[in-house]
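Me: Please take a close look at one part of this structure, the aromatic rings and the charged side chains around them. I would then like the account carried on to the salt bridges.

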Amino acid sequence: MCEISKEAKMGQSDYDKTISCWQGKNIQTDAELAEALNGYRVSFAYHSGNLENKHITYNDTREIFDHDGVTSYTGDLRTLFEIRNLKDAHELFLQAFQERRPFQYLSERL
């Protein structure tokens with residue numbers, strides 16, 4: 001979480017506060033970005049995937065992100081491939097950040 005001083009909060013929009021917060025982290029490497037996103041990556045992937053496929057569960061998403069697989073799964077394999085694709089996209093994003101690639105690079109790889 002970002003700590004924003006009382007002075008910085010006054011007169012700033014939520015957007016400006018968010019930008020200030022992330023800029024204040026001074027993230028330089030993919031490892032630093034991965035650490036900063038650690039609390040969000042599984043939740044974001046779950047919610048993003050669940051919009052398209054209601055069979056995607058938070059627990060399956062967490063298992064794939066944390067352990068690269070699931071245990072005791074009896075559902076459609078397509079669901080697991082979709083979650084794995086979300087993880088691959090996240091890793092590609094981190095790689096592109098480290099290499100300072102433009103966003104166009106991401107869309108070309110997906």
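Reply: The charged end of K25 is placed over the ring of W22, at 5.2 Å from the ring centre. The model is a predicted one, and every value quoted here is computed from it. A second case of a charge over a ring involves R100, which lies over the face of F97 at 4.7 Å from the ring centre.

W22 belongs to helix α2 (residues 14-24) and Y40 to helix α3 (residues 30-52), so the contact ties together parts that are 18 residues apart in sequence. W22 is partly exposed, with a relative accessible area of 30%, and Y40 is likewise partly exposed, at 43%.

The other aromatic pair joins Y46 and Y58 in an edge-to-face arrangement, with 5.8 Å from centre to centre and 80° between the planes. This pair links distant parts of the chain, since Y46 lies in helix α3 and Y58 in helix α4 (residues 58-67), twelve residues apart. Y46 is buried, because its relative accessible area is 18% and the limit for that class is under 20%. Y58, at 33%, is partly exposed.

Turning to the charged side chains, the structure holds nine salt bridges. Side chains of opposite charge can pair when their charged atoms come close. One of the bridges joins D68 and R84, whose closest N and O atoms are 1.9 Å apart. D68 lies in the loop between α4 and α5 (77-98), whereas R84 is in helix α5, so this bridge ties together parts that are 16 residues apart in sequence. Both ends are partly exposed: D68 has a relative accessible area of 48%, and R84 has one of 26%.

R78 pairs with E82, with 3.3 Å between the closest N and O atoms. The two residues are four apart in helix α5, so about one helical turn separates R78 from E82. R78 is partly exposed at 49% relative accessibility, and E82 is partly exposed at 23%. K87 forms a salt bridge with E91, the closest N and O atoms being 3.8 Å apart. K87 and E91 are also four residues apart in helix α5, about one turn of the helix. Here the two ends fall into separate classes: K87 counts as buried, at 9% relative accessibility, while E91 is partly exposed, at 37%. D68, R84, K87, D88 and E91 are linked in a network of salt bridges.

The protein chain has six helices and zero strands, and its elements run α-α-α-α-α-α from the N terminus on. Buried residues make up 25% of its 110 residues. Of the contacts between residues at least 6 apart in sequence, 33% join residues at least 24 apart. The accessible surface of the protein chain comes to about 8100 Å², and 52% of that belongs to carbon and sulfur atoms.

How values were computed. Residues numbered from 1 in each chain as written. Predicted model: local features only at pLDDT ≥ 70, side-chain atom pairs only at ≥ 80, totals over all residues. Heavy atoms only, no water. Buried < 20%, exposed > 50% of the residue type's maximum accessible area, 1.4 Å probe, protein only. Contact = heavy atoms within 4.5 Å. Areas by Shrake-Rupley, 256 points an atom, 1.4 Å probe, with all protein chains shown as cover. Phe/Tyr/Trp six-rings, centres within 6.5 Å; stacked < 30°, edge-to-face > 60°. Lys NZ or Arg CZ within 6 Å of the ring centre and 35° of its normal. Salt bridge = Lys/Arg side-chain N within 4 Å of Asp/Glu carboxyl O.
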